[in-house]
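Please consult the sequence and the structure shown here while reading.

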Amino acid sequence: MNAVETARMLVRRWNTKDPFVLCDCLGIRVLLVELSENVRGFYLTLHGYPLIYINEDASPEERVEICGHELGHAVLHSSMNALFLESVGQFNQGRLEREADLFCAELLVPPPEEGESAKALACRSGVTERLVRLKYGME
């Protein structure tokens, strides 16, 4: 099952797109912690317990997106520990990061309204334009 199908399956099963609620349903603990400014969040398992750490300095909107991304790692790459690094406004676009982003975009980006730009959709949905473009290929 790919990232998009996995996100859709979880939404159907738990009837929510909220990554924090999904984490709760899946027994994944989410912690807001002080992290280095270039680390937005990360997922790891510690003694068999899945944990998502989110930088406490992130805005509420950023926290939702970070949680969605890290939840993607948790369900798609559960055997790996992953850092969500921000480098000059860009994200590491390796295969695992792209899959986590696709999962997050499927959860958080709603369908566009007729004629809506990527920027307007991002603003309306509280996500980055990058996620909107990833999901819909909008310019």
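In this predicted model, helix α3 and helix α4 meet through V64, E65, G68, H69, L71, G72, H73, V75 and L76 on the α3 side and L96, E97, E99, A100, D101, F103, C104, L107 and L108 on the α4 side. By residue class, this contact comprises 10 nonpolar, 4 polar and 4 charged residues.

**Geometry of the α3–α4 pair**

- Helix α3 spans residues 60–76, and helix α4 spans residues 95–108.
- The axes of the two helices come within 8 Å of each other and cross at roughly 120°.
- Angles of 65 to 115 degrees count as roughly perpendicular and those over 145 as roughly antiparallel; α3 and α4 are therefore oblique to each other.
- The handedness of the crossing between α3 and α4 is right-handed.

**Secondary structure of the chain**

- The chain contains 6 helices and 5 strands.
- In sequence order, these elements follow the pattern α-α-β-β-β-α-β-β-α-α-α.

**Burial, contacts and surface**

- Of the 139 residues in the chain, 41% are buried.
- Among contacts in the chain with a separation of 6 or more, 51% involve residues 24 or more positions apart.
- The accessible surface of the chain amounts to about 7700 Å².
- Carbon and sulfur atoms account for 51% of that accessible surface.

Conventions: Residues are numbered from 1 along each chain as its sequence is written. This is a predicted model: local features need pLDDT of at least 70, side-chain atom pairs count only at pLDDT 80 or more; totals for chains, interfaces and linings use all residues. Side-chain values use heavy atoms; hydrogens and water are left out. Axes are lines fitted to C-alpha atoms, for helices over the stretch in contact, and angles run from 0 to 180 degrees between N-to-C directions. Helices (H or I, at least four residues) and strands (E, at least two) are DSSP runs, numbered from the N terminus. Angles under 35 degrees count as roughly parallel, over 145 as roughly antiparallel, 65 to 115 as roughly perpendicular and the rest as oblique. A crossing is left-handed if the near helix is turned anticlockwise from the far one by less than a right angle, and right-handed if clockwise. Contact means heavy atoms within 4.5 Å. Ala, Val, Leu, Ile, Met, Phe, Trp, Tyr, Cys and Pro count as nonpolar, Asp, Glu, Lys and Arg as charged, and the others, Gly among them, as polar. Buried means under 20% relative accessible area, exposed over 50%, partly exposed in between (1.4 Å probe, protein chains only). Accessible areas come from the Shrake-Rupley method with a 1.4 Å probe; for residues, only the protein chains shown count as cover.
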